Amino acid sequence: MKKYALPLIVFLVIAGFLAIGLRLDPREVPSPFIGKPAPPFTLPQLHKPDATISPADMKGQVWLLNVWASWCTSCRAEHEVVTRVAATGEVPIIGLNYKDERDAALGWLRRLGDPYKASAVDAQGDVGIDWGVYGVPETFVIDQQGVVRHKHIGPITDKSVSETILPLVRKLKGAS
Amino acid sequence: MTRAWLLALLFAVGSSAQATIETYTFETPAQEQAYKHLIDELRCLVCQNQNLADSNAELAQDLRRKTYEMVKAGKSSQEIVDYMVQRYGDFVLYRPPLKGTTVALWAGPFLILVIGVAVLIRVITRRRNDAAETDDAAELARVERLLAADKDRKA
């Protein structure tokens, strides 16, 4: 009996670590921005190239920043979910059109519908770097004070919206 | 012989993959050195197991450009590393700093090594003792058997 105790413990420890490892997504790099002020930017708007948009414009509201591009296939898959979130009217969504061509981006929105209150044009991807974007799509939740509260890497799903994003939005709204 | 050739081929492939397409020019060799060192030490966030120098992912290209611009602007290596860590976290470093969240990362391998050596020593000593005992017992039994046989014959 005692003979098997040690191998059994070793097995359980390894199995435990592997089980945790299986649940982790190595592609999800924790964002250093959570709890920190959103990096500022001033970018031209997609629809109105003469007008600019900046996170400062959204002060006082809870809002989402959704990083998208017309060349990004996961964004295409995510678009329906983003549209549904916009339709709830619970939270305004600002798009960050990342390293895209204006015509392609406008065409994409015409074809699939435009859930965004406005889209900022980040043609060179510099703002993307400032926000620590490394895979499109990404979605940030920003509170009334302009602090980043949550970052979702990869396409948002109905599950992540109903379990994480919208509850957080409601909580932040309630806290104000 | 074939093995040596294969090995040489492997290195040839490895080094050509490292060659990047951008042609950045620097004012001083020190700047170029700093740039090369930085893109070696910074991780590509998209591919994760490549550094910026090795990767041709779009983001890696952008970050190389950013690194180049900052080196050119006279920023120190530390400033550039801080800039990257501020945006992408410690993950962007191939050599993460030793702090609370990374202790397991740094100490883990040594801990496992110590445990491994301890187990090995235990197994070896135990096996040696066991072996010694069995030898003695077996020998004793053999001798006793021989003596008994001898007695039988005499009787």
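This is a predicted model: local features need pLDDT of at least 70, side-chain atom pairs count only at pLDDT 80 or more; totals for chains, interfaces and linings use all residues.
**View 1**

**View 2. The buried side of α4(B).** Now for the residues that are tucked in: Ile80(B), Met84(B), Arg87(B) and Tyr88(B) are the buried ones here. They span an arc of only 80 degrees around the axis, so they end up on the same side of α4(B). The general rule is handy here: an α-helix makes a turn every 3.6 residues, so residues three or four places apart point the same way.

**View 3. What the buried residues pack against.** Which helices do the buried residues of α4(B) pack against? From chain A there's α4 (126-130), and from chain B itself there are α2 (29-41) and α3.

**View 4. α4(B) from end to end.** Count along this helix and you get twelve residues. From the first C-alpha to the last, α4(B) reaches 16 Å, close to the 16 Å expected at 1.5 Å a residue.

**View 5. Where chain B touches chain A.** Here, twelve residues of chain B are in contact with eleven residues of chain A. On the chain B side, the elements giving two or more residues are α3 (58-72) and α4 (77-88). The largest share, four residues, comes from α3(B). Sort that side of chain B by class and you find six nonpolar, three polar and three charged residues.

Key. Residues are numbered from 1 along each chain as its sequence is written. Chains are lettered from A and ligands numbered from 1 in the order in which they are written. Two residues are in contact if their C-beta atoms, placed from the backbone, lie within 7 Å. Ala, Val, Leu, Ile, Met, Phe, Trp, Tyr, Cys and Pro count as nonpolar, Asp, Glu, Lys and Arg as charged, and the others, Gly among them, as polar. The expected span of a helix is 1.5 Å times one less than its number of residues. A residue is buried if 20 or more other C-beta atoms lie within 10 Å of its own, exposed if 12 or fewer, and partly exposed in between; C-beta atoms are placed from the backbone. The arc is that of the directions from the helix axis to the C-beta atoms.
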